Amino acid sequence: MANVQFAGVTHRYDGTDRPAVDRLDLDIADGEFLVLVGPSGCGKSTSLRMLAGLESTSDGRIEIGGTDVTHMAPRARDVAMVFQSYALYPNMTVEQNMGFALQNAGVGKVERRQRVLEAAQMLELEPLLGRKPAKLSGGQRQRVAMGRAIVRHPKVFCMDEPLSNLDAKLRVSTRSQIAALQRRLGTTTVYVTHDQVEAMTMGDRVAVLLGGRLQQVARPRELYDNPVNTFVASFIGSPGMNLITAPVEGTVAVIGDLRIPLPTGAPKRSTVVVGVRPEAWNLVGEWRKGAFSVTVDQIEELGAESFIHAQGAPEATWESATGHIVIRVDRKTSVTAREQLRLLPNPEEVFFFSAETGARL
């Protein structure tokens, strides 16, 4: 096991001016499960591949266990990679696939079989050791790919969207298995995904990237409760935070009849972005002053809860980033399409961001 450090790491692909990864500074503790998350093209897989030595580093330094590995060959880094594709040898059995890297490394037959059996027991693959990949399900193939990495006893696991090829139900069960296995092994793990739910449920910490730059790295709850900008606020959470661009009158943001005081000491501005999580809205009656009105456009029924998508009046002076407001209600709340609602946010759960830069105020 070992800690990992990215120090000002940059990568540029040939023929492009904009770096795919731009001055990445990131410290990963020994034994930590860190998730890199972001939209397609944000640089998360490139960062992982640089750590594994599969992509070159244009600038900066990468260290594993205090050793500078920036220019080391992949084999010398003691990193095990698990890819999105299973990449199993179709003519080999599960046992042969799992032990192939050890065989190439010159590990003896007795030790090799012992390591394979230990990994197979962890992953519940013992009954499948004699099968070939064609006789396995997608989830079983992914566990074999995991086992092939585990038997190497590497310093670092690198996982590049390993669950993308699985169906939704299997993804949920497999991600919990991977997280539990990592805690058991205690091996430093860097995991890449575009799925923020996957990131939040698996990682000790989550690093959010956009356009090759690190936006924020923190524990899942900290990301959710204290996003540093509008991108993190909208990307983390399902659905993401409601972001409403509203005019400012004096020291208050105006959303319909709603007046929300700005943070103390905030500089003067003509507009501000107000952030409210779907669960932070309260439905209030017509009699309640200071609320603002929306009209229900769509209702997503999820059983224990519902998400209401609502729009403001055409003449409204405020504007939502997504074109609608999302409100979370419990199963006991009955709402119908085209119904008019009046909303008030929980005062302690309102966020403010710069309309120009998106930074948290």
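Start by selecting helix α2 (residues 94–104) and helix α4 (residues 138–150), which pack at about 35 degrees with their axes 7 Å apart. Helices here are DSSP runs of H or I with at least four residues, strands are runs of E with at least two, and both are numbered from the N terminus. Axes are lines fitted to C-alpha atoms, for helices over the stretch in contact, and angles run from 0 to 180 degrees between N-to-C directions. Before going on, note that this is a predicted model: local features need pLDDT of at least 70, side-chain atom pairs count only at pLDDT 80 or more, and totals for chains, interfaces and linings use all residues. Numbering starts from 1 along each chain as its sequence is written, and side-chain values use heavy atoms, with hydrogens and water left out.

Now show the side chains between the two helices. V94, N97 and M98 of α2 meet V144, G147 and R148 of α4, where contact means heavy atoms within 4.5 Å. That set divides into three nonpolar, two polar and one charged; Ala, Val, Leu, Ile, Met, Phe, Trp, Tyr, Cys and Pro count as nonpolar, Asp, Glu, Lys and Arg as charged, and the others, Gly among them, as polar.

Next stop: the six-stranded sheet. This open sheet runs β6-β7-β8-β3-β9-β10, with mixed pairing; strands pair if DSSP finds at least two bridges between them. Pick out β6 (79–82) and β10 (213–218) at the edges: each has a single partner strand, so one side of each is left without a neighbour in the sheet. From one strand to the next, the twist averages 20 degrees. Inside the sheet, β3 (residues 33–37) and β8 (residues 188–193) run parallel and are joined by five bridges.

Helix α1 (residues 44–52) touches β3, β6, β7 (156–160), β8 and β9 (205–210), and its direction makes about 150 degrees with that of β7. Helix α5 (residues 168–185) lies across β3, β7 and β8, at about 140 degrees to β3.

Now move on to the five-stranded sheet. This one is open too, with the order β15-β20-β16-β17-β19 and antiparallel pairing. At its edges are β15 (281–284) and β19 (325–330), each with a single partner strand, so one side of each lacks a neighbour in the sheet. Here the twist averages 50 degrees from one strand to the next. Select β16 (residues 292–301) and β17 (residues 305–311): six bridges join this antiparallel pair, and V296 has A310 in β17 as its bridge partner.

Then colour β11 (residues 242–249). Six bridges tie β11 to the antiparallel strand β14 (residues 271–276), and two link β11 to β18 (residues 319–320), again antiparallel.

Finish with the rings. W281, F292 and W318 form one aromatic cluster; rings of Phe, Tyr and Trp (its six-membered ring) pair if their centres lie within 6.5 Å. Last, zoom in on R277, whose charged end sits over the ring of Y224, 3.9 Å from its centre (the cut-offs are NZ of Lys or CZ of Arg within 6 Å of the ring centre and within 35 degrees of the ring normal).

Technical notes
Rings of Phe, Tyr and Trp (its six-membered ring) pair if their centres lie within 6.5 Å; planes under 30 degrees apart count as stacked, over 60 as edge-to-face and the rest as tilted.
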